[in-house]
Amino acid sequence: MTILQALSRYYQRMADRGEAEPPGFSREGVSFAIVIDADGCPRSIDDLRDQSGKRPVPSKRDVPAAFKRPGTGISPFFLWDTSAYVLGVDSSGDKRTPLKHAAFRDLHLKLLADTDDAGLVALRRFLERWTPDRFADAPFTPDMLDANIIFRLDTDEAGIRAIHERPAALPLIESRSGTGESGPCLISGTTGPVARLHPAIKGVDGAQTAGAALVSFNAAAYES
């Protein structure tokens, strides 16, 4: 066994113990979960923030992997995002907010069109019917503006499962993280989706706190 194979197996054991996010996921600060019923109607809001300090702060949750958004471009995350993308509302009145929500809605209506999973169908129905003006009604609160938001089906136990954790969501998450092509992994030898990009690595000495790319390029001349 090579040292890279040993490290890969060690990481998997950490992920199994909940000490690291599984492949295809990243650990992000999440503040709220919208609880919806089978028809996509919002029933309540779960406040997921850590209340142990002087003021509430987002709690760390494993969600489908975040990525660096391209400059001023609009690119939604899958099955979660900020209030601007998820609900079409934010605190700044950004003129691009309606476009962000439209992109989030269109992405999910496309990817969830053929699913029969109860949770994913509920999310699709929520997005089909949602309009940003409904944010003024209960159970939504101003605290949700600009926060990261996930979804939960009301028949699942509170705090136990989010819609992005449902088994039917995992193949969709894997397909989103790859190029659409499969190939052998040079470390494990197993066949899987080929990743187009890799997340930034945090904790690299001398790099930005947001993380560093070990290999990167920003022009076609460097791609060969």
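**View 1. Helix 1 and the residue that follows.** Helix 1 (residues 3-16) comprises 14 residues and spans 20 Å from its first C-alpha to its last, close to the 20 Å expected at 1.5 Å a residue; the expected span is 1.5 Å times one less than the number of residues. Helices (H or I, at least four residues) and strands (E, at least two) are DSSP runs, numbered from the N terminus. Just after helix 1, Gly 18 adopts a positive phi of about 80°. The model is predicted: local features need pLDDT of at least 70 and side-chain atom pairs count only at pLDDT 80 or more, while totals for chains, interfaces and linings use all residues. Residues are numbered from 1 along each chain as its sequence is written, and side-chain values use heavy atoms, with hydrogens and water left out.

View 2. Four strands form an open sheet in the order 3-2-6-5, with mixed pairing; two strands pair if DSSP finds at least two bridges between them. Strand 3 (42-47) and strand 5 (81-82) are the edge strands, each pairing on one side only. Strand 5 pairs with strand 6 (residues 148-153) in the antiparallel sense over 2 bridges, and Thr 82 stands opposite Asn 148 of strand 6. Helix 4 packs on the sheet, where it touches strand 2 (32-36), strand 3 and strand 6. The direction of helix 4 makes about 125° with that of strand 6.

**View 3. The hairpin of strand 2 and strand 3.** These two strands pair in the antiparallel sense over 5 bridges. Phe 32 has Asp 47 in strand 3 as its bridge partner. The hairpin has 5 residues between its strands, and Gly 40 in the turn has a positive phi of about 85°.

**View 4. Helix 3 against helix 4.** The axes of helix 3 (residues 97-111) and helix 4 (residues 118-129) come within 10 Å and cross at roughly 140°. Helix 3 is therefore oblique to helix 4. Axes are lines fitted to C-alpha atoms, for helices over the stretch in contact, and angles run from 0 to 180 degrees between N-to-C directions. Angles under 35 degrees count as roughly parallel, over 145 as roughly antiparallel, 65 to 115 as roughly perpendicular and the rest as oblique. His 101, Phe 104, Arg 105, His 108 and Leu 109 of helix 3 meet Leu 123, Arg 124, Leu 127 and Glu 128 of helix 4, contact meaning heavy atoms within 4.5 Å.

**View 5. Two loops with backbone exceptions.** A cis peptide bond, with omega of about 10°, joins Ala 138 and Pro 139. Pro 139 lies in the loop between helix 4 and strand 6. Leu 79, a residue other than glycine, has a positive phi near 70°.
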